[in-house]
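Work through the exercises below with the sequence and the model open side by side, and try each task before reading its solution.

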Amino acid sequence: MKKYFIIILSTLVFQQVLAQGESDKKPLTHDVYDSWNTVREPLISNNGEVVTYLRQPQEGDGTLMIKKPGQSNSLLQEVPRGKQVTITEDDRFVIFSIVPHMDTVKNMRRRKVKDDKLPKDTLAIYTIANDQLVKIPRVRGYKTPEKGSGWLAYQLEEALPEEKDTTETAEESDTTRQEPEKKKKSKKVSTENGYHVVLQSLESGVDGSRDTIEFVTDYLFDEEGNRLMFTTTGNADSTMLPGVYVWTMGEDAPTPIYRSKGKYKSLTLDKAGRRGAFMADTDTTEARIRNYTLHYWEAGKDSVKLVADSTAGFMPENWIVSEHSRVYFSENGERLFFGVAPRPVLQDTSLLQEEIVDVQVWNYQDDYLQPQQAVNLDRTKKQSFTSLYKTDDGETILLHDEELEDLNVSRDGEGRYALAIDDRAYRQLMSWEGFPTYKDIYKVDLETGRRELIGQNLRATVSLSPAAKYIYWYDVKDSAWFAHNNDKGTTRRLTDNEKVSYFDELHDVPDYPYPYGVAGWTKDDKEMLIYDRFDIWRLDPDGGDEPENLTNLRDEKIRVRYLDLDRENEYIDPKQPVILTAFNERTRGEGFYRLNLRNEKLEQLLMDDYSFGFRVKAEDDDHLMITRESFQDYPDLYYTTTSFDNLERVSEVNPQQGEYLWGTVELVDWTSFDGQQLEGLLYKPENFDPNKKYPMIVYFYERVSDRLNRHVAPTPSPSTVRASFYTSNGYIVFMPDIPYTDGYPGQSAYNAIVSGTYAMMEKGFVDKDAIALQGQSWGGYQTAYLITQTDLYAAAMAGAPVSNMTSAYGGIRWGSGLSRMFQYERTQSRIGGTLWEKPLLYLDNSPLFHAPQVNTPLLMMHNDGDGAVPWYQGIEYFMALRRLGKPVWMLNYKGEEHNLMQRKNRKDLSKRMKQFFDHYLKGEPAPEWMVEGVPAIRQSIDQGFELISNEGE
């Protein structure tokens with residue numbers, strides 16, 4: 001008996017200690033945001049032995065961590081404010097910038113200190129072998145070869161002025177001494193004159209030899225680190241004249257290849273540094289149109305060849321070399337791509353501002369709407385058309401022009417063919433049909449420039465295979481994949497959807513369904529790998545063989561997708577096993593599989609109740625870094641191999657989370673009002689007691705249950721509730737999935753959300769009088785609609801809601817300039833017809849026309865800079881509810897977008913949402929902004945956050 005007494009006593013003591021520990025935890029507050037950290041810029045050395053990452057607070061100075069995981073698991077360096085990190089190709093050095101203290105810079109700006117007087121970055125070079133850290137002050141930036149080792153170039157800020165010697169000799173103090181001669185004004189570094197670049201050899205360590213190049217305006221290494229190309233305005237003593245130079249690594253001095261004063265752009269070298277190119281403008285006049293010329297250089301030569309100017313024979317009349325185009329070489333250096341464009345039309349500068357008429361002419365025949373043209377105006381002005389210079393024979397070809405909107409070449413630039421698209425005849429359809437747009441497609445022969453039409457009136461996203469042997473697409477009208485063999489000139493349909501659907505099985509909008517996508521191509525374009533909902537299929541791009549299922553996981557409800565461990569690979573190597581990510585649709589667990597493409601052996605490597613994310617892999621080793629997360633666990637970095645047999649935690653950026661109450665999440669299911677089996681997420685407070693009654697916030701968009709294992713950090717909200725913040729403060733958060741029926745989006749939302757709310761209430765721990773709705777954008781619309789159909793909810797918050805589909809239908813999405821018609825006819829709004837075809841559906845689904853039925857207090861946010869949902873939609877609803885005497889508030893963050901972008905505004909919204917819900921769901925006092933408002937005269941002075949007593953309400 002004594003033994004049992006001791007056990008019971010020990011258990012009670014343990015429970016008391018545990019309870020005491022839990023009670024010491026505190027709820028999250030708005031004050032925690034700034035100090036909550038994220039992991040940024042993870043890197044791993046090529047040999048897999050060293051990793052780096054930034055531990056970055058939401059606001060403030062971050063820290064660079066340099067670690068050696070594995071057996072030693074040691075921290076090599078912890079450097080405050082380290083950023084812009086490079087691990088050299090030979091695994092010897094970690095190079096990075098150290099930025100000034102954020103608070104120091106802010107305080108100096110408050111004192112109106114000029115930018116050139118602000119603190120500058122410091123360059124740091126860390127030698128891994130001997131743990132040596134060298135710092136070089138006042139550096140503008142640095143560059144290293146992408147694939148080469150041994151060299152570093154960094155650009156200096158202007159040196160600090162030397163202190164004057166204020167001591168005087170007797171002779172110097174003689175008042176009769178003569179004034180010294182005035183010195184000639186020295187050349188100073190600046191954006192126009194350039195800055196000094198230091199070229200440093202790292203072969204012998206950080207103390208290796210250095211050379212300084214003065215007044216450099218641009219510079220770059222070739223990929224393999226053989227040469228440095230740079231432009232300079234000339235040094236102070238004229239020993240180096242203005243122009244373009246190439247410095248071969250290991251040689252004593254650079255070689256001038258083009259000498260002239262002027263402006264230079266688009267320096268480029270091929271992979272090995274054997275060839276180079278640049279654009280030059282040596283015109284000394286004030287001409288408004290700059291006539292750039294394109295020049296080509298080869299190793300061993302001290303001069304360049306003129307490739308193109310406005311008089312070139314291949315150039316259409318009145319065209320020029322485009323200064324906005326990308327200039328680049330093919331992988332083998334045998335092709336140089338650049339852009340040309342029509343000479344721009346300029347406004348008459350002799351007119352006074354008051355003489356210029358600024359008017360938009362909307363013409364029904366316009367292909368793009370005027371607002372869309374305005375949004376894309378800068379891009380249109382800078383549009384260029386691709387030309388090709390053959391470096392071996394010197395031939396230049398214009399590959400496309402204004403008749404072909406877009407041109408795509410293979411990533412390595414070596415393929416025989418390119419893909420060109422012409423959508424001019426179909427552009428108006430974009431306003432009501434949406435995406436993908438209709439188009440005609442052409443193949444362009446890069447040897448001759450000949451173009452050939454291979455497909456018309458395709459509603460598809462079209463791509464070029466890696467080796468450019470095929471052009472392939474998924475036509476949504478046919479729900480099928482197609483491929484065109486560029487050499488044979490044949491087009492084949494590759495899928496028929498008889499055995500399985502290759503398009504979205506959960507598709508629920510009144511338009512054609514999209515495909516699941518392409519995993520990639522095997523080497524030499526032999527096979528095309530595509531997805532269905534769960535599996536990966538092998539296709540013969542010539543259509544000779546039937547599609548072959550490589551994974552066969554449909555019965556297990558496991559969805560696999562190809563994981564590209566090296567983004568530089570253009571193809572999938574069939575000789576090497578590939579790694580697949582995996583998602584279990586039943587449990588929402590995730591993990592990784594390995595697939596051998598030769599024998600189709602599929603092996604599970606890891607599956608767990610977490611969400612995993614790939615970050616980076618070592619180039620010469622099988623080590624990599626992934627993230628692992630759950631609702632409770634931040635996605636910290638883990639070090640492992642491609643077998644995933646051991647996960648070593650590398651980062652722990654938020655240890656303070658243990659001090660705060662958090663919560664849990666679980667999958668829940670119920671039957672909707674229209675008989676569908678639905679799922680959702682239920683977030684509960686930490687120390688949840690099923691015998692208590694909790695307030696509940698219902699958040700929704702469309703389908704959200706796949707986010708079961710997603711971490712939700714406490715961050716100021718751009719528009720929606722953060723589950724962790726509210727569970728920490730004693731709320732339940734419920735997120736239901738919503739399937740839709742065409743023509744009835746409002747009723748579909750009601751069937752799913754309200755039925756789910758009742759199902760949660762039946763569990764017994766939800767306070768039926770303290771339930772709220774919250775949604776943003778499409779979720780905001782559904783919130784605005786639901787409160788016209790039920791009084792179940794004590795409060796609702798709607799961000800950027802559409803309230804009147806009849807006026808919204810004919811509006812513009814100002815962020816893109818697109819008509820809103822396609823959204824209602826074909827996509828998310830799901831009406832399925834025009835306003836004049838289905839007027840009653842537009843009316844019935846519009847909250848505005850049911851405003852008298854609203855009895856739920858509503859808080860809206862709708863900003864006047866919203867480019868997705870015009871803010872007059874919020875105004876219409878606000879004005880109706882205001883006139884009806886309904887409790888309604890609307891927040892307009894001036895100039896802000898659809899979702900808040902400025903951090904100060906996100907913090908403000910987070911506070912107001914919490915006060916709003918606390919008042920209506922917890923009975924806490926209302927803030928001043930809700931009770932008395934914030935008059936215009938007090939805006940930006942008093943935010944009205946002070947709570948007012950409930951007495952007298």
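Two exercises follow, each with a worked solution.

The model is predicted, so local features need pLDDT of at least 70 and side-chain atom pairs count only at pLDDT 80 or more, while totals for chains, interfaces and linings use all residues. Residues are numbered from 1 along each chain as its sequence is written, and side-chain values use heavy atoms, with hydrogens and water left out.

**Exercise 1.** Determine how Tyr-33 and Phe-725 are arranged as an aromatic pair.

Solution. Start with the criterion: ring centres of Phe, Tyr and Trp (its six-membered ring) must lie within 6.5 Å, and planes under 30 degrees apart count as stacked, over 60 as edge-to-face and the rest as tilted. Here the centres are 6.1 Å apart with 35° between the planes, and the pair is tilted. Finally, both Tyr-33 and Phe-725 are buried, that is, under 20% relative accessible area, with exposed being over 50% and partly exposed in between (1.4 Å probe, protein chains only).

**Exercise 2.** Describe the setting of Thr-664.

Solution. Then consider its accessibility: Thr-664 is partly exposed because its relative accessible area is 35%. Last, list its contacts (heavy atoms within 4.5 Å): leaving aside residues up to four places away in sequence, Thr-664 touches Phe-631, Gln-632, Leu-682, Tyr-683 and Lys-684.
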